[in-house]
Number of protein chains: 2
Amino acid sequence: MTSEETHDEIMQATYDALCDRGYVGLTMADIADGAGKSKSLLHYHYDTKADLLVSFIEHLLSDFEERIAVTVDAPPEERLLSFVEWFVIDPDEDDRAAFHLALLELRAQGAFNEAFSEQLRASDELLRGTVESILREGIESGAFRDVDVEATAAWIIATVDGARTRQITLRTDWYTDAVCHHLIDVFETWLFVEDNERGGQ
Amino acid sequence: MTSEETHDEIMQATYDALCDRGYVGLTMADIADGAGKSKSLLHYHYDTKADLLVSFIEHLLSDFEERIAVTVDAPPEERLLSFVEWFVIDPDEDDRAAFHLALLELRAQGAFNEAFSEQLRASDELLRGTVESILREGIESGAFRDVDVEATAAWIIATVDGARTRQITLRTDWYTDAVCHHLIDVFETWLFVEDNERGGQ
DNA sequence: TGGTCCTGACTGAACGGTCAGTCAGCGACG
DNA sequence: CGTCGCTGACTGACCGTTCAGTCAGGACCA
């Protein structure tokens with residue numbers, strides 16, 4: 001088995017272990033077992049547990065990059081709404097909720113680990129950049145009003161992130177529902193240019 | 001020293017230890033040292049580490065209850081705005097940021113510990129109840145429009161929580177700034193009744 | 001073709017440290 | 001004298017990390 005195949009298996013095993021143990025409960029033994037390999041192998045490929053996890057966040061990032069590259073063709077209103085819907089977790093997606101819970105633990109650990117922190121900041125920039133580019137596209141095409149792109153992207157992300165955080169930590173869809181409806185209201189009132197206005201001014 | 005004094009000291013030491021170690025790094029020895037007592041004493045008062053932490057969250061809750069009881073006299077617009085400002089962390093309040101980071105870890109642990117989860121849900125109800133009561137008061141007095149109280153409280157909390165989470169995990173005030181400005185905009189447009197409208201309809 | 005050398009992926013066992021939890025006992029106070 | 005608050009020494013389990021060694025296969029040479 002090549003080094004790269006092994007790397008992919010380890011990343012997958014890390015994901016699985018993170019889902020059913022969380023970050024706090026995550027052990028090298030869990031990951032090794034999940035990959036059907038020995039603990040020592042993990043240290044053969046990554047110096048420390050922290051290194052492995054940094055690699056894992058990198059892996060997530062490139063995954064995310066691939067996924068957003070796919071959806072660039074839709075109109076901006078649709079892209080923005082599907083971004084919001086994608087962010088929120090479906091009630092029956094148990095493993096995704098578990099994963100984001102672990103990710104939340106990981107995000108909190110950034111404060112104690114500079115390498116984590118760096119990766120997390122990179123993923124934040126990617127996320128913000130994505131929303132900003134949707135907004136810019138909408139404004140350029142005349143579909144959106146001329147809002148402050150950076151600030152608008154920031155509050156949208158903060159809002160959906162907060163809703164998801166409360167959704168997964170409190171195990172209720174109450175917050176995501178309220179936030180989704182609210183966002184749609186705000187978008188329709190403040191952001192989307194009505195058809196009958198288009199080209200008007 | 002009475003049992004209650006010791007309890008308070010332990011809670012304070014837990015707070016301190018949580019601030020500079022985080023939840024993951026928190027040990028019984030840290031707490032004991034901070035309180036100037038022995039580890040065994042902690043087990044004398046609380047059966048397990050988890051029990052101690054449940055006690056700690058209870059302690060936070062009653063603290064929060066006392067604090068909000070103070071501010072009930074201000075007008076609803078002011079109460080709402082000061083709630084938002086209070087939620088957000090000042091850039092130079094390092095220890096408060098550290099504490100909320102630890103609290104974030106603790107919130108994520110709710111998924112693995114039913115007793116934590118219960119306490120956290122209680123604190124969520126308290127928070128939601130507080131915002132809802134501000135909204136209800138505003139609507140009754142005619143200062144606020146007749147919005148859906150539960151849903152509005154939910155999205156406000158999700159928004160400020162998300163902003164604070166990103167603020168403390170990414171160590172940037174970018175999100176909280178954007179969210180504060182946005183919230184003030186939304187409040188003034190959708191929630192607050194203008195003076196010249198008052199009594200009008 | 002077959003033998004030698006080397007390397008990269010991988011393992012099992014052990015080590016060292018950490019940490020929650022235990023337990024026997026001690027001083028002080030009512 | 002009992003019990004309440006408290007301690008220090010200790011234990012068992014766990015977990016990241018290390019290390020000596022195995023094994024398959026590829027390169028190179030005779």
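## Helices and the turn between two partners

Helices here are DSSP runs of H or I, at least four residues long, numbered from the N terminus. With that in hand, look at helix α7 of chain B: B:Arg136 and B:Glu132 sit four residues apart in it, so about one helical turn separates them. Keep in mind that this is a predicted model.

These two residues form a salt bridge, with 3.8 Å between the closest N and O atoms.

## Another pair in helix α7

Helix α7 of chain B covers residues 114-140, and B:Arg128 and B:Asp124 are four residues apart in it, so they too are separated by about one helical turn. Their side chains meet in a salt bridge, 2.9 Å from N to O.

## Across the chains

Now for a pair that links two chains. B:Arg166 forms a salt bridge with A:Asp161, and the closest N and O atoms are 2.8 Å apart. It runs from helix α8 (residues 149-170) of chain B to helix α8 (residues 149-170) of chain A. Both B:Arg166 and A:Asp161 are buried.

## The wider picture

How many salt bridges does a search of the whole structure find? Over all chains, the count is 26. Some share partners, and in that way one network takes in A:Arg107, A:Asp124, A:Arg128, A:Glu132, A:Arg136, A:Glu150, A:Asp161 and B:Arg166.

How values were computed:
Residues are numbered from 1 along each chain as its sequence is written. Chains are lettered from A and ligands numbered from 1 in the order in which they are written. This is a predicted model: local features need pLDDT of at least 70, side-chain atom pairs count only at pLDDT 80 or more; totals for chains, interfaces and linings use all residues. Side-chain values use heavy atoms; hydrogens and water are left out. A salt bridge is a side-chain nitrogen of Lys or Arg within 4 Å of a carboxyl oxygen of Asp or Glu. Helices (H or I, at least four residues) and strands (E, at least two) are DSSP runs, numbered from the N terminus. Buried means under 20% relative accessible area, exposed over 50%, partly exposed in between (1.4 Å probe, protein chains only).
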